[in-house]
Amino acid sequence: MASLQLCDGYLLSKPSSVSPRFRLPHRLIPKASASPLPPPPPSSSLSLTRRDLLYQSAAVSLSFSSIVGPSKADEQLSEWERVFLPIDPGVVLLDIAFVPDEPSRGFLLGTRQTLLETKDGGNTWNPRSIPSAEEEDFNYRFNSISFKGKEGWIIGKPAILLYTADAGENWDRIPLSSQLPGDMVFIEATGEKSAEMVTDEGAIYVTSNKGYNWKAAIQETVSATLNRTVSSGISGASYYTGTFSAVNRSPDGRYVAVSSRGNFFLTWEPGQPYWQPHNRAVARRIQNMGWRADGGLWLLVRGGGLYLSKGTGISEEFDEVPVQSRGFGILDVGYRSEEEAWAAGGSGILLRTRNGGKSWNRDKAADNIAANLYAVKFVDDKKGFVLGNDGVLLRYVG
């Protein structure tokens, strides 16, 4: 197996203290008017028309609403509630993870070097900083985070790798080889000082010594595989640019990835020397793919279509499932249990299934939120989050 030899890393200083907890401004309640009530009208004016009564009733209702503000029910987003974050507008949230040994502690990643921490299960979030990253001129995009026990990993672009052994109290910056093919897009903590990393060119590397050495788990990049097997009948392979647009890992270590043009997909299982390309079984281009709770595949196409593979495991046979996407693209699916899953997408679209994906119903939780929802993440059946652009974060409240 090929090996990348990397130099020693260095220990980062303890991050600076976090900023005060972010608070929303108090609602302003107008004072009641102190002017005296007008005298009663003459008896001739007591005969009101139906239109007058409706008008006065509506006026009283509006006046009351302006005093008491929206009701609790208006603020509740169905089974989801929005968590407001102390970040700049325009930040796209990309990944979230919690510390298994400290379940209330988690980290949230995004563009513009966004790194937030929670210590109350996701109710409130505070900014965290990485001093060595802030000393540089780059504005990092943190792509992926993963924890096992108290050990955690973060990767980003431009190439940056962070490691913690104390549940995120301190982060070590681990140097990376300049020969690494492609940009790092995914990382999975797998054991003590061990992790698995994937680049957008299909390279898969594993480490067992805190990232100082990485071994290739696959013999060639996807471009090399397709150039070698271009006559294998994969539609669109000759136009492939050599990068992934999406990659997802199953709990047992299998991967499914979507080509950058969305014209075919690829899979890999531990022990295989190469990625296995597959023709798409649908007419529209693939948006995203991932693993169902039962081990099968789900597939999203551009324009809002959702498909489920037949049976479990890797398959090229898919059945379309009708969804109320309103024409907006569905971007991700997250399973809360084997039967219940949520799908999210453009313009705040949220869909739920309670029968393993056979039928989906639209949830109006985010209809009034002007954001695209990019990722659905369930830590367990009681803790889930939806991540979007413009700093939108939804928390599952059941």
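This note sets out numbered points on the confidence, sheets, salt bridges and nonpolar core of a predicted model.

1. Confidence. The mean pLDDT of the protein is 82, and 78% of the residues reach 70 or more. Over residues 1–76 the pLDDT stays under 50. For that stretch the model has 69 contacts beyond four places in sequence.

2. The sheet containing β25. Strands β23, β24, β25 and β26 form an open sheet, in the order β23-β24-β25-β26, with antiparallel pairing. Its edges are β23 (330–335) and β26 (361–362), each of which pairs on one side only.

3. Pairing of β24 with β25. These strands, residues 341–345 and 350–353, are joined in the antiparallel sense by four bridges. Ala341 has Thr353 of β25 as its bridge partner, and Ala344 stands opposite Leu350 in β25. The two strands form a hairpin with four residues between them. Within the turn, Ser347 has a positive phi of about 55 degrees.

4. Strand β25 and its other neighbour. On the β26 side, β25 is joined by two bridges, and the two strands run antiparallel. Arg352 has Asn361 in β26 as its bridge partner. In a regular strand, side chains alternate between the two faces of the sheet. In β25, Leu350 and Arg352 point one way, while Leu351 and Thr353 point the other way. These four residues are all buried.

5. Salt bridge Glu79–Arg352. A search of the whole structure finds 19 salt bridges. Side chains of opposite charge can pair when their charged atoms come close. In the pair formed by Glu79 and Arg352, the closest N and O atoms are 2.3 Å apart.

6. Salt bridge Glu79–Arg354. Glu79 also meets the side chain of Arg354 in a salt bridge, at 3.6 Å from N to O. This pair again links distant parts of the chain, with Glu79 in the loop between α2 and β2 and Arg354 in the loop between β25 and β26, 275 residues apart. Glu79 has a relative accessible area of 14% and therefore counts as buried, the cut-off being under 20%. Arg354, at 56%, is exposed, since that class begins over 50%.

7. The sheet containing β27. A further open sheet of four strands has the order β2-β29-β28-β27, with antiparallel pairing. β2 and β27 stand at its edges with a single partner strand each, so one side of each is left without a neighbour in the sheet. Neighbouring strands of this sheet are turned by 20 degrees against each other on average, direction ignored. Strand β27 is joined to β28 (residues 383–388) by six bridges, and these two strands run antiparallel. Val376 stands opposite Val386 in β28.

8. Salt bridge Asp95–Lys377. The side chains of Asp95 and Lys377 form a salt bridge, at 3.5 Å from N to O. Asp95 belongs to strand β3 (residues 93–99) and Lys377 to strand β27 (residues 373–380), so that this pair links distant parts of the chain, 282 residues apart. Asp95 is buried, with a relative accessible area of 8%, whereas Lys377 counts as partly exposed at 28% relative accessibility.

9. Charged network. A network of salt bridges links Glu102, Arg105, Glu117, Arg128, Lys150 and Glu169.

10. Nonpolar core. The largest nonpolar core has 17 residues. Those with the most contacts inside this core are Ile204, Val222, Phe244, Val247, Tyr255 and Trp275. Two or more residues come from each of α4 (222–228), β15 (244–249), β16 (255–259) and β17 (264–268). β17 gives the largest share, three residues.

11. Surroundings of Tyr255. Leaving aside residues up to four places away in sequence, Tyr255 touches a set of residues that includes Phe186, Val198, Ile204, Val247, Leu266, Trp268, Trp275 and Trp291. Glu196, Asn248, Arg249 and Thr267 are also among the residues that Tyr255 touches.

Conventions. Residues are numbered from 1 along each chain as its sequence is written. This is a predicted model: local features need pLDDT of at least 70, side-chain atom pairs count only at pLDDT 80 or more; totals for chains, interfaces and linings use all residues. Side-chain values use heavy atoms; hydrogens and water are left out. Two strands pair if DSSP finds at least two bridges between them. A salt bridge is a side-chain nitrogen of Lys or Arg within 4 Å of a carboxyl oxygen of Asp or Glu. Buried means under 20% relative accessible area, exposed over 50%, partly exposed in between (1.4 Å probe, protein chains only). A nonpolar core is a set of buried Ala, Val, Leu, Ile, Met, Phe, Trp, Tyr and Cys residues joined through side-chain atoms within 4.5 Å. Contact means heavy atoms within 4.5 Å. pLDDT is the predictor's confidence in each residue, from 0 to 100. Axes are lines fitted to C-alpha atoms, for helices over the stretch in contact, and angles run from 0 to 180 degrees between N-to-C directions.
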